[in-house]
Amino acid sequence: MRSPVFLISLVSLSILFSTAVGQNCGKLDEKQFKNNSTTTEIDEHPWIARVEHTDRSGDRSWGCVGVLIDARRVLTAAHCVLRPTFEVTAVIFGDWDGSNDVADPDCNSEGRCTPTPQRVTVSEVKVRPDYSPENIQNDLAIITLRKDVEYSDYIQPICLPSATKSEVPNGDLTVAGFERPPLRERGEVNLIKERIKMPFTRKSGAECHKQLSQFPAELICGSTERDPLSGSALVETSGTPRKYHLTGIAVAGFYSKSLKTDFQGHVNIRSHLNWINAL
C-alpha cells in the first residue's frame, strides 16, 4: 500500500474509484456452513441484499450491502445512505452474482438458472440520530420498503441477536456479503462477483484502536480473507437447532503495516437493539 495507514469506509470503489423475526429467520444448512467455500450457494445467506443508489442523471449503482431483518426492513451502514449526489431508491434481493438483473435469470449449459432478483422500492430511510461520520460512531441505518418483500428459498430474513452479550467462538463467526476491492495493493486481484462468506478472526477493539487511533474501540474488530463491502453482515451461529444471528454490520477498515493485515470494523448490533426494535 503506497499511502500511510488510514481508516476508510468499505464502500465499493466503483462509486468512489432481539429477537428472532418470526419463526423462519436465520436459515442454516450445516453442509453449506462446513464446506469451506468462499462463495455461497445460491440459497445461502438469503438475507443479503444490494442497496440501489440513483444519481441525478438517473444512473443506478449498487455499492453497498443491506441485510434483511423482516419483510419490510433492511439494515445497512449510515454512510451508505447519506450521499449528497445519490438517492437510495430500492433494495435488490436474491441477487447471488451481483448482476442486479431483475429481468432475466442467468442459465448455464445444463439449464440451471439463478433466481431472478427481486427489486423493492424504498419508502423511508432512518439513520441513527447520533451517527457521527467523523468519529465513525453509530454508523447504522434502517431502510423501510414500500411493500413486504416476497420470501422464497432465496430471500429470507436473518435473526436478530439476543440482548445478552455472548462470547461466540471465532469458528462460528462469518462475514457474509459481497467483495470490494482490497484496502491495499496486492498485485492483480480477481474480485469474486458472487456472494461471499469468510471466517472472521476477531481481535479486541482496544488492540485495533492501538494499531490505529482513529479506529473506535467499540466496533467489533477482526480480519477476513477478502474485504467486504460496507453493509455486509457479521453473523454468528447459535441455538438448537442452530440459526444465524446478525452480530454486526461492516462500516470501516484499515491496513496494519506492522501486522501486515487488513482489519474491518463492524457496528455491534446488540448495542442498537432498542433503536432497531422501536422503529
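Which side chain does K197 meet in a salt bridge, and at what N to O distance?

A: K197 pairs with E44, and their side chains sit 2.6 Å apart, N to O. (A salt bridge here is a side-chain nitrogen of Lys or Arg within 4 Å of a carboxyl oxygen of Asp or Glu.) K197 is in strand β9 (residues 196-199), while E44 is in the loop between α2 and β2 (48-55), so this pair ties together parts 153 residues apart in sequence. Helices (H or I, at least four residues) and strands (E, at least two) are DSSP runs numbered from the N terminus.

Before going on, bear in mind that this is a predicted model: local features need pLDDT of at least 70, side-chain atom pairs count only at pLDDT 80 or more, and totals for chains, interfaces and linings use all residues. Residues are numbered from 1 along each chain as its sequence is written, and side-chain values use heavy atoms, with hydrogens and water left out.

Back to the pair: K197 counts as buried at 7% relative accessibility, and E44 is buried too, at 2%. (Buried means under 20% relative accessible area, exposed over 50%, partly exposed in between, with a 1.4 Å probe and protein chains only.)

A search of the whole structure turns up eleven salt bridges. One of them joins E52 and R60, with the closest N and O atoms 3.1 Å apart. Elsewhere, salt bridges that share partners tie E30, D172 and R242 into one network.

R242 is partly exposed, with a relative accessible area of 23%, and so is E30, at 31%.

D172, the other member, lies in the loop between β7 and β8 (173-177). D172 is buried, at 19%. Its side chain makes a polar contact of 3.4 Å with that of R242. (A polar contact is a pair of N or O atoms within 3.5 Å; within protein, one must be able to donate a hydrogen and the other to accept it, and residues adjacent in sequence count only if both atoms are side-chain atoms.) Leaving out residues up to four places away in sequence, D172 touches F33, V235, E236, T237 and R242, where contact means heavy atoms within 4.5 Å.

Four of the five residues of β7 are buried, so the strand is largely enclosed by the rest of the structure. It belongs to a closed barrel of six strands, running β2-β3-β4-β7-β6-β5 with antiparallel pairing.

How values were computed
Pairing = 2+ DSSP bridges.
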